[in-house]
Amino acid sequence: MDNLLRLWHSTGLAQFEPGQAFMILVGIALLFLAIRKGFEPLLLVPIGFGGIMANIPGAGLAYSAAENAIYGGDPQVLAQMATALGANALESGKALLAALSQAGAAEHLTATRVAEAAGYADGMLHSFYVVAIASGVAPLVIFMGVGAMTDFGPLLANPKTLFLGAAAQFGIFATVLGAVGLTALGVMDFSLADAAAIGIIGGADGPTAIYVSSVLAPDLLGPIAVAAYSYMALVPLIQPPIMRALTTEAERRIVMTQLRVVSRREKIVFPLVLLILVALLLPAAAPLLGMFCFGNLMKECGVVGRLTDTAQNALINITTIFLGLSVGSKLVADKFLDINTLGILALGIVAFAIGTASGVLIAKLMNRFGSTPLNPLIGSAGVSAVPMAARVSNKLGLEADPHNYLLMHAMGPNVAGVVGSAVAAGVMISLVGG
Amino acid sequence: MDNLLRLWHSTGLAQFEPGQAFMILVGIALLFLAIRKGFEPLLLVPIGFGGIMANIPGAGLAYSAAENAIYGGDPQVLAQMATALGANALESGKALLAALSQAGAAEHLTATRVAEAAGYADGMLHSFYVVAIASGVAPLVIFMGVGAMTDFGPLLANPKTLFLGAAAQFGIFATVLGAVGLTALGVMDFSLADAAAIGIIGGADGPTAIYVSSVLAPDLLGPIAVAAYSYMALVPLIQPPIMRALTTEAERRIVMTQLRVVSRREKIVFPLVLLILVALLLPAAAPLLGMFCFGNLMKECGVVGRLTDTAQNALINITTIFLGLSVGSKLVADKFLDINTLGILALGIVAFAIGTASGVLIAKLMNRFGSTPLNPLIGSAGVSAVPMAARVSNKLGLEADPHNYLLMHAMGPNVAGVVGSAVAAGVMISLVGG
Amino acid sequence: MDNLLRLWHSTGLAQFEPGQAFMILVGIALLFLAIRKGFEPLLLVPIGFGGIMANIPGAGLAYSAAENAIYGGDPQVLAQMATALGANALESGKALLAALSQAGAAEHLTATRVAEAAGYADGMLHSFYVVAIASGVAPLVIFMGVGAMTDFGPLLANPKTLFLGAAAQFGIFATVLGAVGLTALGVMDFSLADAAAIGIIGGADGPTAIYVSSVLAPDLLGPIAVAAYSYMALVPLIQPPIMRALTTEAERRIVMTQLRVVSRREKIVFPLVLLILVALLLPAAAPLLGMFCFGNLMKECGVVGRLTDTAQNALINITTIFLGLSVGSKLVADKFLDINTLGILALGIVAFAIGTASGVLIAKLMNRFGSTPLNPLIGSAGVSAVPMAARVSNKLGLEADPHNYLLMHAMGPNVAGVVGSAVAAGVMISLVGG
Amino acid sequence: MQGVELMVFGIGSVAVFLSLLVVVTSLTSRLMTRYFPEAEPLPVMPRAQRPAPVAGAEDAQLTAVIAAAIHRHRAGKH
Amino acid sequence: MQGVELMVFGIGSVAVFLSLLVVVTSLTSRLMTRYFPEAEPLPVMPRAQRPAPVAGAEDAQLTAVIAAAIHRHRAGKH
Amino acid sequence: MQGVELMVFGIGSVAVFLSLLVVVTSLTSRLMTRYFPEAEPLPVMPRAQRPAPVAGAEDAQLTAVIAAAIHRHRAGKH
Ligand code: NA
Ligand code: NA
Ligand code: NA
């Protein structure tokens, strides 16, 4: 009988909490969107599945050994943990969790040793998170792979499209202001670092968003990553109304001059030029843009095909699997279900919309005052979300004039948007994180 | 002269012990079986080679820094290690090794620092073991890859074959009883956790066996893994006599009705259904079955082909190499050569035989009382050992009737056996490990 | 205004030092050689790029958290670091760095915790270095991949070519003597361990050189790796004059007898024979030669094609990327720009030249006293640098006689050179490192 | 907990779990075939997920390899 | 530093950086097309970089696969 | 241990080791060719080791690619 009870208490049914059930439904919803609707499946399938696993009651897959010990609830262990954390031995689990999250490195280590001695271990997803994201390595490796897949040809043929990549980052900074404002109004409660991390959602670049929030606001990483990838998938729905509202039919019909051929050498030199500019001006962006430029140089130099191939395939795929599961670990109910999550989701879409609008408006300005015609529709591609945003520009161009192919023209601002949001990330980290 | 002596003492010849020579022969025998006889070569080649490397005298590849320091035998270092471990400074190396293996986390760390300060380092294979197995990650990644290669179609077409996958796990639990019994009789000396880990050999599933023994009985991991993979390779020898003995010629000729076509959607939903059942009932099986279901969902959902391909190839292959070498590190003479190893090998084959018999007998029962005909030969496939066991069922079916192809029918219980032993593993961990 | 200043101070321009600018130029020069001249691009592209990233001022990518804290220069943090290191609180940054590099494990850990508490983190390249090289794992994995690509057929057909592989290692030991001599003369300042690591450059084998210097002289790893790969690339320039000077036209025309066919089984048994000889005689070479033999056995046994393929492709490529970037981290100005670097570069080329000459001379000797004709040109291939050195032998043979193809004959000494320098590495580590 | 108990509870749990799985799976299959027959095609992974920039190069290389192989094949060497 | 300042300095820095990149990139492109036109061919990665020992085996296997595929193709199954 | 000694013992050890390897290898080769001539074929890795469930899909895809390539090839574009 005793054993039956023990078995029953070890089941999930006996330990389920409503939040966990809700988050498992959220995970299933993400999988549905990814599989049926094709929303960024490469990331949302692992994130969604990781989110479900993180919320399995009693398994503690998303918790560290110390957290698992506190959730375990054995009074003796709790007392020892409290001593290790310098807290009152009679405090509740919740208070201990708070003490743990604010403990210094030394106390944290002591508490972890107590937990391990009592037989508790890091959950699987927590281990993945520590190795892949807390170390910063997974987003950087993915950025290297993205670099190895990026063709800067269209951008080099028309460098002015970099301005569009800059303009679209306005969404990032406007959102920071929004987050700070909401906090000032008492609606939400975000620190400046939180606000900066949330703003990066507007960069429409998954690895950049994850990297910045792992540095500035690890607690918000779950909602930020989910928002970034979801809105990137929603680009074909979010952008067109804004683009149509801000442009006239005549503007959408503007035919752009064909791009010149860019030589191999220019493509080889570009990542080095970009890296050196980063070295001179923005060291805080060096990890992200350095790895990006490294991937791109490997691709363009043509002498390390083996490495390029691996960076584009096996390495980025392996990293994507563990990055996705690690992000999923942040969808654990007691960290994700928070009023701030709603705020992040709302601010994220505002950031996207402002970025799209800024890109289009600056493109209009450049068309008015520039010497060569520039179709404002390609401005929206500056938010990045490669290559979806460029395809949206192309589609709206074809709607206005069935012979007006904008795809290659939009690829310039599109990859400029990747560079732009990595630059914005560096600025954020150097202004806020220092 | 002094230098010549130093050189001589550093050679393996001067340090060889009989146990090491014997274990090198065991390693060569494993390689022979793998290469010439085709015994599970993907695992037994790395395990055999790792076993040879682990037993190179003086190299200490399978030992931690602290163990290497003790084997080094420098009296000053030994004294320091003894102090660090709270042992008597005059104790022998053997006593110090025992003290080390029972030391708490803090003492272990101090001893390791002493060893490192004296210039000793972790052996290569020991490092692989820590990263791949002690962390639990390698068996889980392999399970993800196995999931990404598994087709649940035959099981979904005939869900009742899950009962056969359950029946074959009886070998696991019967063997636990055997191990406990042998200990009670004083023949062997196994704890309950040891017994549980040994029983899992009967699950005929390599990564599950390694995972469970890394959690419950790390000291026995070497023999358990070797037994599991060897017996899996021996399935075509072990199973047929048992199957023939328990079935009549008429039963072996039973023709089964053709399997219905299973839709894509059913295949997508199945891993989620299984995961949620695990979440509700058996959280302790969540890491193993979670990763398995994740791999299977990636395969079936059809929208993350890049990731599936990597999970099936580069990632599982890399992990297999290091998993095999890590298991090999447990073949080091002074840990492997033990009377318990013989016990494990004997119990393992008993577990296999009982599992096979239970599968066949339950299949006979289901045939007798079920509405549709069921050939008892497919019951033995419930032990897993995918796809070898299913092929054995097919072969015996063809022997009885040259037109009776059982392969697809046997794939149902075969993959059910994988799920079944992962469930059994979860039950073990939650009952014994808690 | 204050913010503008802060932004300015965070730029690289405000922090640039001449050494960093110079090293960035060195990195660009390495990239130029790799991309335009085809100098070992698989390694020199990552090394060169890593070198540039390591010298980005203010980014601290190549430094540990503790080093970054000291370079950060906050007086309060510096005082805390000084206390942690047991140094005088008023000491300069330079003195603290010296104290840090000589601190014991415990003080180092305390200093690291102080730095982390102050918000400093390990630089990206430093993290790569710790995981890939300090652990010893990356060179070993690359050696496994090289083993999986090596065909010992030509060597087995003519085992005497192993003598040539031995002869060419004379360069290694002669260079050690040179380094010790230069130190005795007061020109340079190398310890015996440093000298041993420098000598290995003469082995013309990148992973071996990196492995040995990670064990014996981590501070010199940058210049040693750069020298090793650069000179390997320069083999077609360095070797021919030496080969021509030491051989007569008649010798260069010697036609060698065709190689016998080597059976599959001999190829399978060879890595095991080599491993057992290592086990008996030279345990210190066990990691390097063990992994090499393992890779070769996987290739030759023919039953683990999946694993061989991964070892030859995805795994070695991933490892090469991170190994290269990690080596690049050692090109950081304040560690690389040192008079010793010039000494290493000079000694390295001497080692190469002596190795080449020894190989040719011993080949002449073997030709004089042996029963079968032996073209002395294949002696130079004994330095390894596979397959470049063998191609050089072939080219000079064809120059002397347009029908004298030496390529297959030179592959014997060439792979013997790989084994030879791994043996030499083991000897060094066991004589010096013990 | 001793051996016999472990065996009883162990095999019992496995049997209960897998029986439940049989029930749930059968139910799901029946529900799916009735209410969600496979009408709408699932979105298949677009080729664009493979790295677009190199696709051209790969195709060209593959075609060249294949052309060469066909040539050798026709030449009757195999 | 508060929100407005962060926005002003942030978007300003991004604009300055990318403007500089426009200038430098345009200059580099002009310099390269004038002084280093693409005359000498760049060294292309030699096939030998792929593991030489297995190349033969792979080719043979590929040819076999292709031959089989062609056969099936001709047999009109597809 | 000083430089000269390190050189003498070093090159000596390398020479001894590789000489022994020459002897042992020659012996092994002779023994193998005499007593274990390559009669029985070694087990070659079965294709089944590659993930079986996807093989069909891959084949189909490969065939499609090849068919397309052949088509392009015949169309004379290359
Ligand atoms: Na962007
Ligand atoms: Na099983
Ligand atoms: Na060499």
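This report describes a sodium site in chain C, two chain pairs without contact, and one helix of chain A.

The model is predicted, so that local features need pLDDT of at least 70 and side-chain atom pairs count only at pLDDT 80 or more, while totals for chains, interfaces and linings use all residues. Residues are numbered from 1 along each chain as its sequence is written, chains are lettered from A and ligands numbered from 1 in the order in which they are written, and side-chain values use heavy atoms, with hydrogens and water left out.

The sodium ion (ligand 3) is coordinated at 2.3 to 2.8 Å by G203(C) (O), V383(C) (O), S384(C) (OG), G417(C) (O) and S421(C) (OG); donors are N, O and S atoms within 2.8 Å of the metal (3.2 Å for Na, K and Ca), and sites may look incomplete because water is not among the atoms. Along the chain these donors follow the spacing G-x179-V-S-x32-G-x3-S. Both G417(C) and S421(C) lie in helix α25 (residues 407–433) of chain C, four residues apart, about one turn of the helix; helices are DSSP runs (H or I, at least four residues), numbered from the N terminus. G417(C) counts as buried because its relative accessibility is 0%, and S421(C) counts as buried at 0% as well, where buried means under 20% relative accessible area (1.4 Å probe, protein chains only).

| Chain pair without contact | Distance between closest C-alpha atoms |
|---|---|
| chain C and chain D | 17 Å |
| chain B and chain E | 17 Å |

In chain A, the 13 residues of helix α9 (residues 137–149) should span 18 Å at 1.5 Å a residue, which agrees with the 19 Å between its end C-alpha atoms; the expected span is 1.5 Å times one less than the number of residues. Eleven of the 13 residues of α9(A) are buried, so this helix is largely enclosed by the rest of the structure; among them are P139(A), F143(A) and M149(A).

Technical notes. Buried < 20%, exposed > 50% of the residue type's maximum accessible area, 1.4 Å probe, protein only. Contact = heavy atoms within 4.5 Å.
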